Amino acid sequence: MSLLFFTAFVCQAWIPPLRPSPVKQLLDQQHYTEAYRLLTAMNHTHSSTECYSRVQCLVALEQWTLAWTECEAMLPRFKTGQWWTLASDIAMALHQYPQALACLEEAREWSRECVGMDMSEEGEEALDRREQRVYQGMLRNRPRKIDPFSLPYDVLSTLLSHLPLKSLARCSRVSRHWRAALLDIPSLWQKLQFSCDEVSCREKTPSRTSPRVSALTLQAYLGRLDTRTLTHFSLSHQLKHGDVLLRVLAPHVHSLHSLDLNEVTCTPTLLFSLLNSATQLQVLRWGGLSVKLNAILQQVTQCRHLRSLDVHDCFAGEDVFQRGLPSMATPSLSLPLTLQSLSLSGIHGLTAERLAAILHQCPRLEQLELQRSLVDVSILNLLNDCCPLLTRVIYRRHRYFEPPTHQPLPSARKRTTLKTLVKTRELALTEAWGLTDALLHSLLHPPTLHLLCLEGNPQLSDTALDFSSFPLLHTLNLRNCHGITEAGLLRVLKGAPRLRALDLSGLSAVTEAVLRQLCGLPLVSLHLSNCSQVTDTGIVAVLDALHPQLQCLVLENTPLAATTLNYSMCKIKQGFI
């Protein structure tokens with residue numbers, strides 16, 4: 001019996017022990033790099049366990065991208081819950097939560113089909129915990145909402161100052177936090193602008209987008225000023241209760257720099273009291289029938305800092321200018337000498353004598369704008385004497401204006417030689433029936449001219465533009481000036497090397513020779529609508545020469561082939577045709 005025990009002991013002692021594989025040893029020692037190299041260097045076909053170990057080595061080394069690539073390659077071969085779970089873990093590490101959620105769904109389907117097998121960590125509870133981590137990661141991965149009011153005060157106030165009043169009002173209704181933050185910036189409410197929606201004004205019906213401006217609304221906005229003062233106020237609304245709003249505005253007009261009232265019905269005496277109190281007023285705009293032009297001109301004498309005056313759509317009045325044209329030697333000083341910009345649009349009853357009296361009282365005038373004018377363009381003869389500092393003149397005839405039958409002004413008859421406007425940079429005379437070649441030639445001063453618009457003057461000829469050069473001219477509009485010939489166009493274009501915007505619409509003088517002349521100009525915008533003499537070869541030459549600087553080309557109603565238009569669209573990609 002003892003011999004048997006001894007024999008068994010000796011045999012057991014001589015049995016060699018089972019050695020672990022090199023891969024397992026390296027994994028136990030956490031040498032994942034060597035283990036991955038060893039698994040990769042094996043020549044025989046990898047089993048599921050070896051492939052799983054290789055991916056686990058990459059996970060341990062935090063090589064997530066390579067591990068995801070290896071796992072995607074192995075999933076078609078080994079569709080087990082273990083692999084789907086590993087793939088979901090790698091996807092979560094890469095913040096690819098939709099892929100991780102899809103892998104967990106595949107693992108759940110596999111566990112339901114193989115419920116008899118030992119699932120260990122692939123059980124339902126483990127999958128639920130993993131799904132919870134995926135959803136938490138998706139919530140954390142959402143873009144964080146940045147509070148714009150966390151910016152520095154000066155930066156925030158500068159950014160919000162570019163928003164109109166309507167946008168600021170909408171921002172204040174977003175939340176209580178936004179409202180409190182906006183109210184803490186009083187400088188935003190120093191410029192109040194209330195305007196009526198164009199559609200509601202045209203239909204003359206109340207609109208939800210442009211509510212009725214009430215006294216309570218105006219008081220609420222003025223209350224946000226805190227210790228600041230109101231600097232700009234604009235009200236463009238068809239209101240019958242203008243007196244109520246002006247009374248609310250009265251305590252704040254002493255600091256106003258700009259006042260704009262359009263289509264507001266009010267009492268003239270109340271408006272004049274506001275103007276008397278607005279000692280810092282620099283810009284005044286008025287439009288409406290309740291106050292006349294002559295009354296406004298008498299009241300603005302109190303505004304010694306007034307720089308710009310814009311009056312439109314009102315009557316001229318009958319109580320002033322009864323003495324006729326004032327003497328040029330001693331002009332009246334009823335208007336402020338600081339007035340630099342004057343705009344009169346649609347003034348009913350304004351005559352040449354009244355306008356001449358106004359201009360003689362503004363010796364420092366730099367900008368003159370006469371829109372929808374009922375006064376003949378010959379009034380510009382006086383600009384040389386009364387407004388020598390003019391740099392910008394804009395004139396547009398009223399559509400119901402008829403040529404005058406009376407004699408010109410006495411001062412214009414006595415003048416034998418016409419002086420040029422030496423400092424004029426912008427001259428726009430649109431549909432000026434009384435404009436002649438001699439008058440235009442006297443007004444132009446080519447060395448200082450930057451913009452010239454003569455639209456709708458078919459009576460002009462080449463003599464009006466008979467100058468050697470326009471060195472600074474960048475914008476020229478000769479639309480419907482049918483009296484200009486090909487020779488006149490070539491002379492003007494040769495003398496304007498800096499021309500960037502050109503409108504020759506409606507001219508039959510635009511021939512291929514003119515188009516070749518355009519090739520040497522730095523044009524950005526070119527209008528050639530209704531030009532019957534343009535050719536396909538000329539347009540193609542212009543497109544090739546002006547590419548890529550030309551951004552706007554208008555060829556409406558021109559005898560061009562479809563291939564030329566297609567070529568134009570291929571050349572001009574950033575602008576429009």
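This is a predicted model: local features need pLDDT of at least 70, side-chain atom pairs count only at pLDDT 80 or more; totals for chains, interfaces and linings use all residues.

Visitor: OK, and how many bridges does S4 make with S3, and in which sense do they pair?

Guide: Five bridges, in the parallel sense, with S3 covering residues 258–264.

Visitor: Which helix does the chain go through from S3 to S4?

Guide: That's H15, residues 268–277, and the β-α-β crossover it makes is right-handed.

Visitor: Now S5. How many bridges join S4 to that strand?

Guide: Five, and S4 and S5 (residues 308–315) run parallel. One spot to look at is Val283, which stands opposite Ser308 in S5. The chain gets from S4 to S5 through helix H16, residues 293–299, in a right-handed β-α-β crossover.

Visitor: Switching to the rings. How many aromatic pairs are there?

Guide: The count comes to five aromatic pairs. One of them is Trp189 with Tyr221, a tilted pair at 5.9 Å centre to centre with 45° between the planes.

Visitor: Where do those two sit in the chain?

Guide: Trp189 is in the loop between helix H11 (176–183) and strand S1 (191–195), while Tyr221 is in helix H13 (residues 215–223). They are 32 residues apart, so this pair links distant parts of the chain.

Visitor: Is Tyr221 buried or exposed?

Guide: Buried, with a relative accessible area of 14%; the cut-off for buried is under 20%. Trp189 counts as buried too, at 0% relative accessibility.

Visitor: And why is the Phe194–Tyr221 pair called edge-to-face?

Guide: Their planes are at 70°, and over 60 degrees counts as edge-to-face. The ring centres are 5.6 Å apart. Phe194 lies in strand S1 and Tyr221 in helix H13, so the pair ties together parts that are 27 residues apart in sequence. Phe194 counts as buried as well, at 8% relative accessibility.

Visitor: Which residues make up the aromatic cluster?

Guide: Trp189, Phe194, Tyr221 and Phe233 form one cluster.

Visitor: Last one: which residue lies over the face of Trp189?

Guide: Arg224 does, at 4.6 Å from the ring centre.

Definitions and conventions
Residues are numbered from 1 along each chain as its sequence is written. Side-chain values use heavy atoms; hydrogens and water are left out. Two strands pair if DSSP finds at least two bridges between them. Helices (H or I, at least four residues) and strands (E, at least two) are DSSP runs, numbered from the N terminus. A crossover is right-handed if, with the strands pointing away from the viewer, the path from the first strand over the helix to the second runs clockwise. Rings of Phe, Tyr and Trp (its six-membered ring) pair if their centres lie within 6.5 Å; planes under 30 degrees apart count as stacked, over 60 as edge-to-face and the rest as tilted. Buried means under 20% relative accessible area, exposed over 50%, partly exposed in between (1.4 Å probe, protein chains only). A charge sits over a ring if NZ of Lys or CZ of Arg is within 6 Å of the ring centre and within 35 degrees of the ring normal.
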